[in-house]
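Dear colleague,

I am handing over the structure below, together with some notes on what I found when going through it. Please read them alongside the coordinates.

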Amino acid sequence: MRIKLKKYTSLWPFFLFASLVQASAVHADDWSFTPKIALEEKWTDNAFSAPRQTKSDFITTATPGLAISGKGRDLTVGLDYTLSYDRYATYDELSGVRHRGNGVANAQIVEDLLFLDLRGNISEQQANPAGPGTAVDRTSASSNTNQVTTYSINPQVKHRFGPWAAGVVSYAHNETITEASSTTSSHNTPSLSNSALYGATGNGGMANSVVDSGKASLRSGEEFTRMQWGVTSEAMRSEHGSKTFSQTTQTLDNEIKISHEFGFLSQVGVDSLSGSDLDSDKYSGLFYAGGIHWAPSAKNDLRLEFGRRYGSLSSKASVAYAIGPFTQLKLSHTSGVSTDALQTAGALSNVQRDELGRFVDPFSGLAANPASSPFASTNAVYKQRKTEMVLIHRRERDTLTLLTSLNTRDGITAPSTFGAAGTTVLPVANMGQGSTTAMTSTVAWTHQLTPIVSSTATLSQSDIISAPVESGKSQRLNASLDLTYQMNPTLASSVGYHYMDVQPNSSSGVTENVVVIGLRKKF
């Protein structure tokens with residue numbers, strides 16, 4: 001057996017994090033280094049993610065990893081990285097390596113003046129949700145699966161003008177690198193997403209992207225209690241495959257407080273958009289919005305804004321409502337012009353660590369996965385309307401999360417797909433300038449059965465409910481149930497069942513059942 005490991009060029013952000021930790025640990029007040037390892041045995045009834053003539057196999061997975069957490073006066077670092085090797089008992093050509101990790105570092109370079117934010121994420125992603133996938137994390141034969149690494153470097157200069165105003169000037173560089181997933185051979189089964197939908201091969205229909213942006217803002221200070229204002233100027237340029245997109249924006253926003261709880265919102269500004277195949281005159285120009293802000297308590301907040309931007313009506317809303325001492329409801333609605341590259345960069349910048357040190361999405365509280373998307377990968381520019389709602393219930397023994405989202409994208413430029421090694425091929429009809437809507441719902445429930453036994457159940461449905469062509473629609477169902485036995489503070493065993501069902505309109509569906517037993521150890 002000869003293992004073909006991918007080149008580690010996409011891992012350099014994590015090596016940078018490690019170097020930063022090593023150089024700064026002596027100045028930190030509180031640091032923890034936690035090596036860990038996990039061993040799993042899996043049985044799957046569909047090793048090749050095939051729609052017909054499925055083949056079963058046993059998979060042995062070894063996953064060493066390292067978690068780092070540090071907090072000092074001038075530096076805060078969090079890193080969680082694992083390297084998994086999947087060994088298939090029968091079909092050894094599917095064996096290979098997977099990487100998964102998140103990292104965030106915040107440093108104060110010059111006291112109260114210069115700051116640096118570093119972020120990175122590496123994960124396995126699907127180029128198209130209608131293509132074949134897996135019920136659990138494992139190497140697969142599908143060319144629909146790619147290793148995606150995204151990182152950002154964000155220096156910031158901050159200055160306070162007494163109690164009158166606070167200014168920030170920042171620059172951000174983000175890159176997303178897509179590589180074919182690592183296996184012991186170059187064997188790949190045809191990807192449903194590529195062969196049936198897009199006609200692309202090799203890199204799963206994805207290409208590398210770069211986003212550079214600069215921003216200068218000045219916001220009112222404590223002296224402005226009744227009228228809070230802000231002035232912002234920003235510029236952005238993104239490259240994704242053969243496509244480019246640029247935008248400059250100047251904004252003046254204001255909130256007039258009628259009372260401690262209630263205020264009126266207003267915003268006015270100018271956009272200038274340009275890019276490959278983009279009708280700049282149609283989407284550039286003056287924009288405006290008005291709305292209300294009501295915050296009756298620290299846990300209850302309502303913002304509603306309506307206006308006109310990018311040549312059409314625009315809206316924005318955010319709601320946080322504490323139903324009781326243990327339950328919170330949140331709602332978010334946004335609209336605007338974006339790209340896949342900008343969506344990934346934005347999701348990475350929002351990753352936070354919770355009270356347990358886990359990397360999470362701040363809206364849902366679920367595990368952070370900034371490179372994921374319910375849509376097929378594209379380098380088109382699109383108008384997007386996204387509505388999300390989450391209900392979070394936490395008690396001493398239970399955590400229940402209900403998340404649902406409705407996301408509509410209207411293509412405003414023609415995209416291209418990508419062949420092997422990111423080479424561009426011709427645009428295709430069903431990724432063109434039409435409207436695509438994805439609906440996703442997730443239920444996650446963790447229950448502490450006893451002080452040492454816990455259960456986790458998840459159910460997720462992700463559907464493309466409308467597309468420019470009928471073949472672009474799909475339905476995906478994932479379900480899992482896991483039991484964990486905490487043998488001692490550093491050793492845990494687990495057993496679980498995972499199920500996946502993908503039904504694209506363009507071809508036969510794929511289902512998979514997986515049983516997993518595992519052992520995890522922290523040192």
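Which residues does N46 touch, not counting residues up to four places away in sequence? In this predicted model, N46 touches T54, K55, R138, V510, T511 and E512. N46 itself sits in the loop between β1 (28-44) and β2 (57-72), and with a relative accessibility of 1% it counts as buried. Its side chain reaches the backbone oxygen of T511 at 2.9 Å and the backbone nitrogen of S49 at 3.1 Å.

Two of the residues that N46 touches, R138 and E512, also meet each other through their side chains in a salt bridge (2.9 Å, N to O). This pair links distant parts of the chain, since E512 belongs to strand β24 (residues 510-522) and R138 to the loop between β5 (114-126) and β6 (145-161), 374 residues apart. E512 is buried, at 1% relative accessible area, and R138 is buried too, at 4%.

The count of salt bridges comes to 19, and another of them joins D80 and K36 (2.8 Å, N to O). Because D80 lies in strand β3 (residues 75-88) and K36 in strand β1, that pair ties together parts that are 44 residues apart in sequence. Here D80 is partly exposed, at 29%, as is K36, at 22%.

On the surface, F161, L218, V231, L252, V268, V270, L286 and Y288 form a nonpolar patch with about 700 Å² of accessible area together, to which β11 (262-275) and β12 (285-297) each give two or more residues.

Best regards

Notes
Residues numbered from 1 in each chain as written. Predicted model: local features only at pLDDT ≥ 70, side-chain atom pairs only at ≥ 80, totals over all residues. Heavy atoms only, no water. Patch = residues over 30% accessible without salt bridge, like charges linked within 9 Å, V, L, I, M, F, W, Y side chains within 5 Å. Areas by Shrake-Rupley, 256 points an atom, 1.4 Å probe, with all protein chains shown as cover. Salt bridge = Lys/Arg side-chain N within 4 Å of Asp/Glu carboxyl O. Helix = DSSP H or I, 4+ residues; strand = E, 2+ residues; numbered from the N terminus. Buried < 20%, exposed > 50% of the residue type's maximum accessible area, 1.4 Å probe, protein only. Polar contact = N/O pair within 3.5 Å; in protein donor to acceptor, adjacent residues only side chain to side chain. Contact = heavy atoms within 4.5 Å.
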